[in-house]
Amino acid sequence: VKHETKLACALLCCTACGGVEEPPFRDLSEPRALDEHVVWFDRNNDEALLLDVGTSKPEPELDRIELPAMPRSVVRRNGQNQLLVLLSDEEDASGKLAVLGPSRVEQVYEIGAEFDALQQSEDGRWALAYFSPNRAGVDPSTSLLFNPNEIAIVDLEAEGEGAVVQRTLRSLGSVPRRVEFSPPMTIAGETRRLVVVFFEAEVTLIDLNHLDRPEYTIELSRGGGLGLTEVRFSPEEQRIYLLADGSSDVFVLRLLEAGENRENDFEPSLNQLGTDSTPRDMVVFENDGERKLLVASSSSAQVVESSSNRVTQIPLENPGDRILLFEGASPFDDEVEPRALLYRLGSPGVTFLDLDDIEERTTRNREEFQLAPIASLVPLENNQVLANHDTGGLSILNLEERTASPIQAQISLAQAVPSLETSRIWVAPTGQTTLGFVDLANLHPGQVRLDLPIANFLSFENTSSPKVVVTHPDAVGAVSILSAANPGDGGRTLYGFLQAGVLDR
Amino acid sequence: MNRASWTAAWLLPGFALFPLHAAAEPTAVPPTTETPNPAAPAEEKRTPTETATKSPAPELPPAPPASTEVAGAKQPSGPDSTATASLPPQEPEGPLPPLVSFLRVELAVDNQWNEDPGYDFFDGDDVGTLVGLRGEVEVLEFSADVLLALELGYASGVNGDGELDLAFGDPSWTERRVFAGIVPRYEPLDWLGLHVRLHGGASFSTAEFVAQGREVEENTLDPFVAAGAGFSLQPPRLRTSKTRLRFNSVAFGIQFEGGYSFAPALALAFPDRTANGVDQRLPQSGADLGSIDRAGPYFSVSGFARF
């Protein structure tokens, strides 16, 4: 019958019967690594495209996984071989959270609104979807109305309606700016995780063990413009430390057992520790069985004994507003003790602080170290740190030996990617055709010439043999797959997979 | 088959011998001389009778002078040849021989429907056009109005305005066909012919496009077959010669045909490349782009000249 119809049409028509319906073009996200696949999300066609790079002879073919709505943002689920995908259904302005595995969508949660930001707990069990503070200005095409204080908390180990709890946070006029999950904390005799939601001048605490209970909203300042920036948890002390741009105080929330008049079984108590300048970063460390707080405020560091509110100030010669805490020896002390590296991005020089007895020894526990201005600092294994310099080049900083091994480069190394599993630092400069690497064992640099410019770099440590994948800015799809152990041998380029089967669709 | 006149017995080779007949065509045979031409096949004698049933002989023109001599005519030899040569040529008398035609030349435009979505990559609509030339010779006459012809032909076309995906550019699909066919024809009326056409041959296809600056070209050679039917319209034939031999008439007409064509699907792929250390550092595996089903209906319009 079909052929007869065709024939009739052919006999009756001398010209074309009309135009064709053009399929929608792809709008692809940045690639992600998932298990042994490179994954792209197509926002126009509501699907995930997976390229298997784990086999011994990968083929330029894509697996497609249909998504129930348009993918908006993606994060890797902590501790799992899964991606968490925020989906947006523009028809009814509703949102979904999909858990994407290597071969299928494993779970879909109805989270109500078209949230555009997602935070998850360290163990990957909990996820909290919320509206980012600048959403309205960035994404005008979304829902007409939205409640910026609405959130959805998802228990990713649960199924059904009970897995999602939607609520609107109490607000004093501002909107959530940031969300953090606490590590497990034993509070009022029960181990639980808390969610801390940052507002401009207040924080909200939500007990994940008892989502049916109301949250706490703690106003830290009535003046506004506080600008909360950092949070540190001290589970052993049942304390939460907070910093703000607009205050020189360290805000301390002590989590105490609640009285009978509370629905919750704990309640926070606010305390403020004054420092002499605006603190930018802080870490909690333990020394002689006592927990202390090290705070950096650019020109000085303060050690705070929160139990006694005693503050010890250590002036810094090299500016340092960021702290990297580590435990190890030093050139002058073989004892493994807590020590800290203080630095400021964009400034030359760093400072080592030996935290043992620092309240008594103060500047004698301080050592300056000259280093080119730092663009980023990434911890490596064995108390080594990768310092990426503003002036180009890298340094491998040995925190125990307090030495720096420079790696010079002809290009900007902003895209340097350390891979602890492969014991290499990979340098994948965008637009270049050369992939560089440094072997952390002997700091020997090497490189591989590719056929196409570099767009993205992905590392696959979970494949049968660790691999690295470089994607190329080619609209038909191109990736180069290299052995992480021996990048110079056995590489292969897959070309055209984004258009594979295009004539059959 | 009883009435089948096996002109094919000599027409097939006669297709090649045609210049010989054409040279003999002007020879005028005196009507008084009923001696059959030994060079002419016996079947030819039946042709006027059979053809006359569908093409009545036109009215006789005035007889030319008997002394008219036709240039190029082969003079008979023998004892009477001198006397015969000295006599003025005699004009044939009686009805003119019937119009005979056995050769057809067609200029055809074939519209091939390609409903496979993959074809849209090359062409914005579903129709690919081939322009070609066909030659057809009538080899078998079953009756006065039923005959069988064989054809040879060539057609080609280029399609390349498809822009379904921005990742590709300059798509072009060139197809060339060489084919042979068999065409039974039935002519119930002087001006109307019906036919069925079965043909097949080789299709040379070149598919080209540019992907991100890289030119991709795929050449294929595939067989194809097609079957169709249609009709032709032709005005009365014009006499070009007063003989009963070939090419004593010409007719121009138009033919319409619809049918269905079968051909293997066209598969396209990015090429695999081996590393050479110079311009290809890593071996490359190219993706298969899929295939285009080339079977589909066609509609053909052709203008023809029939001799």
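Let's start with salt bridges, meaning a side-chain nitrogen of Lys or Arg within 4 Å of a carboxyl oxygen of Asp or Glu. By that rule, the count over all chains is 45. Please keep in mind that this is a predicted model, where local features need pLDDT of at least 70, side-chain atom pairs count only at pLDDT 80 or more, and totals for chains, interfaces and linings use all residues. Residues are numbered from 1 along each chain as its sequence is written, chains are lettered from A and ligands numbered from 1 in the order in which they are written, and side-chain values use heavy atoms, with hydrogens and water left out.

Now to some individual pairs. A:Arg43 makes a salt bridge with A:Asp27, and their closest N and O atoms are 3.2 Å apart. A:Arg43 sits in the loop between strand 2 (37-42) and strand 3 (47-52) of chain A, while A:Asp27 sits in the loop between helix 1 (2-12) and strand 1 (32-34) of chain A, so the pair ties together parts that are 16 residues apart in sequence. When I say helix or strand, I mean DSSP runs numbered from the N terminus: H or I with at least four residues for helices, E with at least two for strands.

How covered are these two? I'll call a residue buried under 20% relative accessible area, exposed over 50%, and partly exposed in between, using a 1.4 Å probe and protein chains only. A:Arg43 is partly exposed at 28%, and A:Asp27 is partly exposed at 31%.

The next pair is A:Asp155 with A:Arg125, where the closest N and O atoms are 2.8 Å apart. A:Asp155 belongs to strand 11 (residues 150-155) of chain A and A:Arg125 to the loop between strand 9 (117-120) and strand 10 (126-130) of chain A, so this bridge ties together parts 30 residues apart in sequence. A:Asp155 is buried, with a relative accessible area of 10%, whereas A:Arg125 is partly exposed at 29%.

Over in chain B, B:Arg197 forms a salt bridge with B:Glu257, with 2.9 Å between the closest N and O atoms. This pair links distant parts of the chain, 60 residues apart: B:Arg197 is in strand 5 (residues 192-211) of chain B and B:Glu257 in strand 8 (residues 249-262) of chain B. Buried or exposed, what would you guess for B:Glu257? B:Glu257 counts as buried, at 1% relative accessibility, and B:Arg197 is buried too, at 2%. Back in chain A, salt bridges that share partners join A:Asp333, A:Glu337, A:Arg339, A:Asp354, A:Glu367 and A:Arg402 into one network.

While we're on chain B, here is the overview. Chain B has three helices and 12 strands, and buried residues make up 47% of its 307 residues. Taking contacts as heavy atoms within 4.5 Å, residues 24 or more positions apart account for 71% of the chain B contacts with a separation of 6 or more. Chain B exposes about 15,100 Å², with carbon and sulfur atoms supplying 63% of it; those areas come from the Shrake-Rupley method with a 1.4 Å probe, and for residues only the protein chains shown count as cover.

Which residues form the nonpolar patch on the surface? They are B:Tyr186, B:Leu189, B:Trp191, B:Leu194, B:Phe231, B:Leu233 and B:Ile254, together with about 600 Å² of accessible area. Patch members have over 30% relative accessible area and no salt bridge; like charges are joined within 9 Å, and nonpolar side chains (Val, Leu, Ile, Met, Phe, Trp, Tyr) within 5 Å. Strand 4 (168-189) and strand 6 (214-233) of chain B each supply at least two of the patch residues. B:Leu189, placed in strand 4 of chain B, is partly exposed at 39%.

Let's go back to chain A for a sheet. Four strands form an open sheet in the order 5-6-7-8, with antiparallel pairing. Strand 5 (70-76) and strand 8 (105-112) of chain A are at the edges with a single partner strand each, so one side of each is left without a neighbour in the sheet. Two strands pair if DSSP finds at least two bridges between them; strand 7 (residues 94-100) and strand 8 of chain A, which run antiparallel, are joined by six. A:Leu100 stands opposite A:Val105 in strand 8 of chain A.

Last, a backbone detail. A:Gln238 is not a glycine, yet has a positive phi of about 50°. A:Gln238 lies in the loop between strand 19 (228-234) and strand 20 (239-244) of chain A.
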